[in-house]
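Have the sequence and the 3D view ready as you read.

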Amino acid sequence: MSLSAHIVIQRGALPVDVTFEVQPGEVLAVLGPNGAGKSTVLRVLAGLARPHFGQVRLDGTTLDDPAAGIRLPPHRRPIGMVFQDHLLFPHLSTVDNVAFGLRARGASRESARAVAAGWVARMNLSDHSSSKPRSLSGGQAQRIALARALAGDPRLLLLDEPLSALDARTKLDVRADLRHHLADYAGATVLVTHDPVDAMALADQLVVVERGRVVQVGTPVDVSRRPRTDYVARLVGLSLLAGMAQGRSVVLDSGATVQVAEASSGPVFVAIRPAAVGLYRSRPDGSPRNVWPATVAGVTPYGETLRVDLDGQVPLTADVTPEAAAELDLVLGAGVWASVKASEVAAYPA
Amino acid sequence: MARRHKAQVDGATGVPAALLIPAALAVVFLVLPLIALLVRAPWSTLGSLLSTPEVRDALRLSIVSASLATLISLVLGVPLAWVLARSQIRGRGVLRALVTVPLVLPPVVGGVALLLAFGRTGVLGAPLYDATGVSFPFTTTAVVLAQTFVAMPFLVISVEGALRAADRRYEDAAATLGAGRAMTFRRVTLPLVAPGVAAGAVLCWARALGEFGATITFAGNFPGTTRTMTLQVYLALETDPDAAIALSLVLLAVSILTLGLLRDRWLVRQ
């Protein structure tokens, strides 16, 4: 009782080849940059695009198997889908939008409307039952789109960038709301997003896709602590370094050495949090065992701090307060010393 | 960009003199005949001129036949527009060209072509007559066929354009909600293109109402059965010019009403 997918499809010039599984009640987020092939994967699951190869199975039923000539058309799949810009039917009222799937699947007008009204009420939008979608705010439209997708009691819920059409303020509320509804939903959910915060907040499992390939799979905590590609590291705000471990020392590809908290051996990734990096004008004395010279390659505001990109043998990102930045005179090309405590450095097998 | 253009044109109107004069001539040329019609109209006897049995017959025939032609065009033309806009069939470009031929064909030629197809000795008309004794030419049916032939392309082109402009992702959304193609067409596609269908139907009806050449060729000119308003106007001009002007006024009023119905689509578009 689950979704298992192996999808091979050409998306323009990009060959997409991804594999994943989702258990009932579980939310899987497909995370990746724009143009990575994420939405194509979702369209295959919905039956709106044909895979060239692979297999999609849901609860033991084969939805797609090109080799065997099997392809269930979208309207026969037990799915619900929320589109990026909602795509609520502009000519139907809110409640009729939600009732549409029930009617399409054979419910009578009365019973479909009754169930739909229940869903609209559940989304706290009963006041807007008879209004047209154009009068709804972005957040309200998103909730109706979710209600429309869930009303048909699908076994697979597909969410395509469900929060990207919303402004930052609404996004927080809708994300919390969506999380709550996903927790109640018994079927499998596949969520596509380029926003790591959405992925971390909503998903039980992450599949990171870059250039049509899966580059990392794991829980949000696992992926954010132990990124395996620069893209993921940047997303979660970590500096990612690759090297060979020998005990508590890791020799990076650039030749520099990083002292780490735990001993290991063989190829490893080293992840360093920007907040753990200290910057100095002259070489610091004392406890930090990792001290490297670096030059400032960029300074950008990041919340209440400044994020400083550093070039050198050990490329790093550091977070400093605006006061410290002024004191250190962090202009582009300035030379500084960067230090990190060994206890703040995580190494894990590559 | 806008500033540079403005520098080349004259003062408040924003129209260069070289364009203003021919443009004004064109307006005069297009509007003057209509003004003449209004000026020369026999306003005092208008009521009696339009209440003769011949005029009432012609008016009723025109409205009924144009409406039937529009109905046939809707029933056949909307699916054809869908095929042209959405299907993957081969030779779609050729099909579209063939369908739009009646738009540019002289209506008289259309009438001759209809006679050769549906006439008593026509390629389809002859076997039909032999089998059933039914013959189209010089009947009200022929009027409707002639009007449908010239007017349907207007509807097809209008609806096809609306279908091409419609956001197909709504149809994807309908499919993920369990709607098959027929239901998606009926409950999503058709409502989304309804303004285009309505505009096409109005245009089609106006064209059918104004039909003359194909009708007189294929259907003839028999009072009560095939003599439509336009034929009546032409005939009256020889015998009773005032009646012709009165009838023309009616058709002008209908044309202006048509434009009013299409206002939102065509007149205010910038």
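Ile9(A) stands opposite Val16(A), a residue of strand E2 of chain A. This is one spot in the pairing of strand E1 (residues 3-11) of chain A with E2(A), which is antiparallel and runs over nine bridges. Strands here are DSSP runs of E with at least two residues, helices are runs of H or I with at least four residues, and both are numbered from the N terminus. Two strands count as paired if DSSP finds at least two bridges between them. E1(A) and E2(A) form a hairpin with two residues between them, and Gly12(A) in the turn has a positive phi of about 60°.

Before going on, please keep in mind that this is a predicted model, in which local features need pLDDT of at least 70 and side-chain atom pairs count only at pLDDT 80 or more, while totals for chains, interfaces and linings use all residues. Residues are numbered from 1 along each chain as its sequence is written, chains are lettered from A and ligands numbered from 1 in the order in which they are written, and side-chain values use heavy atoms, with hydrogens and water left out.

Which residues make up the covered face of strand E2 (residues 14-22) of chain A? They are Leu14(A), Val16(A), Val18(A), Phe20(A) and Val22(A), while Pro15(A), Asp17(A), Thr19(A) and Glu21(A) make up the uncovered face. In a regular strand, side chains alternate between the two faces of the sheet.

**Two open sheets in chain A**

One open sheet has five strands, in the order E14-E18-E15-E16-E17 (chain A), with antiparallel pairing. Its edge strands are E14 (278-280) and E17 (316-320) of chain A, each of which pairs on one side only. On average, neighbouring strands of this sheet are turned by 45° against each other, direction ignored; the strand axes behind such angles are lines fitted to C-alpha atoms, and angles run from 0 to 180 degrees between N-to-C directions. Within the sheet, six bridges join strand E15 (residues 290-302) to strand E18 (residues 335-340) of chain A. Val291(A) has Ser339(A) in E18(A) as its bridge partner.

Another open sheet has three strands, in the order E12-E13-E19 (chain A), and its pairing is antiparallel. Strands E12 (239-252) and E19 (346-349) of chain A stand at the edges with a single partner strand each, so one side of each is left without a neighbour in the sheet. E12(A) pairs with strand E13 (residues 257-272) of chain A over twelve bridges. There, Ser239(A) stands opposite Ile272(A) in E13(A).

**Salt bridges**

Side chains of opposite charge can pair when their charged atoms come close. How many salt bridges does the structure hold over all chains? There are 19, a salt bridge being a side-chain nitrogen of Lys or Arg within 4 Å of a carboxyl oxygen of Asp or Glu. Here are some of them:

| Asp85(A) | Arg169(B) | 3.1 Å |

Asp85(A), Asp167(B) and Arg169(B) are linked in a network of salt bridges. Asp85(A) is partly exposed, with a relative accessible area of 39%, and Arg169(B) is partly exposed as well, at 34%. In these terms, buried means under 20% relative accessible area, exposed means over 50%, and partly exposed lies in between (1.4 Å probe, protein chains only).

Asp177(A) lies in helix H5 (residues 168-184) and Arg143(A) in helix H4 (residues 138-151) of chain A, so this pair ties together parts that are 34 residues apart in sequence. Asp195(A) lies in the loop between strand E9 (188-193) and helix H6 (196-202) of chain A and Lys171(A) in helix H5 of chain A, so their pair joins parts 24 residues apart in sequence. Are Asp195(A) and Lys171(A) buried or exposed? Both are buried.

Helix H5 of chain A also holds Arg175(A), which is buried, with a relative accessible area of 12%. Leaving out residues up to four places away in sequence, Arg175(A) touches Leu163(A), Asp195(A), Val197(A), Asp198(A), Ala201(A) and Leu202(A), where contact means heavy atoms within 4.5 Å.
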